[in-house]
Amino acid sequence: MDNLKWCFKQNKGIKLVAPNLEIAKLYLKDAKRDSGLIDPKEPKWNIIKEYHVCYNALYSLLVKCGIKCEIHDCTINMMFLFDFDKKLQYNLIDLKKERINVQSYLGNSKKDYFNFTKNFLEICELKFLGLNDFDIKEVRIKLENLKNE
């Protein structure tokens, strides 16, 4: 939670804004579309696509709840708000590191994230569909309480 305190203080960090269902749907739609573009013949680009599929799926939940954040580490640290399993969070952090390695340092990916990405997208979609107004209010209250600690 200490990391989130830092995130609240950053210019592009965590901000509570108005929930936006339409934009949230677009993030989820984008994630689903991009998941269909993953090609086993392009391992470098797969890692980049797989990370963005997962990130956009997660971000769709935040937007639906009216949470804006442009810092990826902060976004990932908010997964607890939606009761994600810690293992999923660690895997997403690992995928992010792999994406940085292949995209910024021209490294080769050592792992296959296809099944993780597919599973993560499905979980996000189920959570998205299950988020009702009461849940959204609860998520916002949790975040507001953390901000004010």
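Modeller: In this predicted model, H2 (21-35) and H3 (residues 43-65) pack at an angle of about 165°, their axes 8 Å apart. An angle over 145 degrees counts as roughly antiparallel, so H2 is roughly antiparallel to H3. The crossing of H2 past H3 is left-handed. From H2, the contact takes Leu21, Ile23, Ala24, Tyr27, Leu28, Asp30, Ala31, Asp34 and Ser35. From H3, it takes Val53, Asn56, Ala57, Tyr59, Ser60, Val63 and Lys64. By class, the contact of H2 with H3 has ten nonpolar, three polar and three charged residues.

Next, H6. Helix H6 spans residues 114-130. H3 packs against H6 at an angle of about 10°, with the axes 9 Å apart. Angles under 35 degrees count as roughly parallel, so H3 runs roughly parallel to H6. H3 passes H6 in a left-handed crossing. On the H3 side are Glu50, Val53, Cys54, Ala57, Leu58, Ser60, Leu61 and Lys64. They meet Phe114, Phe116, Thr117, Phe120, Leu121, Cys124, Lys127 and Phe128 of H6. This contact of H3 with H6 divides into eleven nonpolar, two polar and three charged residues.

Then H5. Helix H5 covers residues 86-104. The axes of H3 and H5 come within 9 Å and cross at roughly 140°. That angle makes H3 oblique to H5. Here too, H3 passes its partner H5 in a left-handed crossing. H3 contributes Lys44, Ile47, Ile48, Glu50, Tyr51, His52, Cys54 and Leu58. H5 contributes Leu92, Leu95, Lys96, Glu98, Arg99, Val102 and Gln103. The contact of H3 with H5 counts eight nonpolar, two polar and five charged residues.

The largest pocket has a volume of about 160 Å³. Its lining is Val17, Ala18, Asn20, Ile23, Tyr27, Tyr59, Leu62, Val63, Gly66, Ile67 and Lys68. Helix H2, H3 and strand S2 (67-68) are the elements that give two or more residues to this lining. H3 supplies the largest share, three residues. By class, the lining has eight nonpolar, two polar and one charged residues.

Technical notes
Residues are numbered from 1 along each chain as its sequence is written. This is a predicted model: local features need pLDDT of at least 70, side-chain atom pairs count only at pLDDT 80 or more; totals for chains, interfaces and linings use all residues. Side-chain values use heavy atoms; hydrogens and water are left out. Axes are lines fitted to C-alpha atoms, for helices over the stretch in contact, and angles run from 0 to 180 degrees between N-to-C directions. Helices (H or I, at least four residues) and strands (E, at least two) are DSSP runs, numbered from the N terminus. Angles under 35 degrees count as roughly parallel, over 145 as roughly antiparallel, 65 to 115 as roughly perpendicular and the rest as oblique. A crossing is left-handed if the near helix is turned anticlockwise from the far one by less than a right angle, and right-handed if clockwise. Contact means heavy atoms within 4.5 Å. Ala, Val, Leu, Ile, Met, Phe, Trp, Tyr, Cys and Pro count as nonpolar, Asp, Glu, Lys and Arg as charged, and the others, Gly among them, as polar. On a 1 Å grid over the protein atoms alone, a cavity is a set of points where a 1.4 Å probe fits but cannot get out, and a pocket is an open set with protein on both sides within 12 Å along at least five of seven lines; lining residues have an atom within 4 Å of a point. Grid points are joined across faces, edges and corners, and a volume is the space filled by probe spheres set on the points.
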